[in-house]
Amino acid sequence: MTTTVDAATAPAAAVAAAGATVWLTGLPSAGKTTIALALADRLRAEGHRVEILDGDEIRTFLSAGLGFSPEDRDTNIQRIGFVAELLASNGVKVLAPVIAPYAASRAAVAARHAEQGTPYLEVHVATPVEVCSERDVKGLYAKQAAGEISGLTGVDDPYEAPTAPDLRIQAHTQPVADSAAALHALLTERGLA
Ligand SMILES: Nc1ncnc2c1ncn2[C@@H]1O[C@H](COP(=O)(O)OS(=O)(=O)O)[C@@H](OP(=O)(O)O)[C@H]1O
Ligand SMILES: Nc1ncnc2c1ncn2[C@@H]1O[C@H](COP(=O)(O)OP(=O)(O)O)[C@@H](O)[C@H]1O
């Protein structure tokens, strides 16, 4: 059973009360967090309850001690997916700007949501690695190039791009507001905003 609300007929209050998880997957510095923050502002202004489960922050608490091996990344994703589903099934719009490089990990999160009848949207923030490495918000690309770190997603570690996301955003070709608007339109189309 799905909890998605029919946008055409549902009152605004019901749409605002419908929970969902929106997972923004993409490379480091792709713009996942920036777009999630812009969408969160808009949703909150419209009366939605919103939580952002940011990969970076989660690794400080919920996933403290985990590294970036395939196993640790999967554990991280499943933990975030678990919390996201709990929140979403209680009426929260959950935005997860988390790399989630492996298709199987993402599929497991989607399956958990499907089992519970909780709406789940996969969004690929498809900024190319050349643009991400120029932005290099945290200096990781420079460190990898200098040989100070290895295993950087999209450079010397895998990134399995989604083959059929609910939405693929060419985020580098448009302003942040347009990316957030595209995501908002998707939520509206699904009866979630
Ligand atoms: N080796 C390596 N590869 C990828 N990312 C790295 C690495 N080391 C540190 N970081 C920084 O960790 C931030 C959070 O990563 P995530 O939890 O989203 O990664 S994962 O989904 O578990 O793969 C991630 O945050 P974002 O840049 O916001 O995506 C990175 O900045
Ligand atoms: N068109 C754009 N869309 C999204 N972010 C952009 C864009 N142009 C520049 N940026 C910048 O790129 C950086 C992306 O960083 P961030 O959102 O933390 O990425 P991620 O969460 O994917 O690691 C931010 O500093 C943001 O201001």
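Which backbone oxygen does the side chain of Lys32 reach?

**Figure 1. The side chain of Lys32 reaches the backbone oxygen of Gly26 at 3.3 Å.** This is a predicted model, in which local features need pLDDT of at least 70, side-chain atom pairs count only at pLDDT 80 or more, and totals for chains, interfaces and linings use all residues. Residues are numbered from 1 along each chain as its sequence is written, chains are lettered from A and ligands numbered from 1 in the order in which they are written, and side-chain values use heavy atoms, with hydrogens and water left out. Lys32 belongs to helix H2, residues 32-45 (helices are DSSP runs of H or I with at least four residues, strands runs of E with at least two, numbered from the N terminus).

**Figure 2. Lys32 is buried yet has no salt bridge.** Buried means under 20% relative accessible area, with a 1.4 Å probe and protein chains only; a salt bridge is a side-chain nitrogen of Lys or Arg within 4 Å of a carboxyl oxygen of Asp or Glu.

**Figure 3. An open sheet of 5 strands has parallel pairing and the order S2-S3-S1-S4-S5.** Two strands pair if DSSP finds at least two bridges between them. At the edges are strand S2 (50-52) and strand S5 (167-169), each pairing on one side only. Strand S1 (residues 20-25) pairs with strand S3 (residues 93-97) over 5 bridges, and Trp23 has Ala96 as its bridge partner in S3.

Key:
Buried means under 20% relative accessible area, exposed over 50%, partly exposed in between (1.4 Å probe, protein chains only). Lys and Arg count as positive and Asp and Glu as negative; His and the chain ends are not counted. A polar contact is a pair of N or O atoms within 3.5 Å; within protein, one must be able to donate a hydrogen and the other to accept it, and residues adjacent in sequence count only if both atoms are side-chain atoms.
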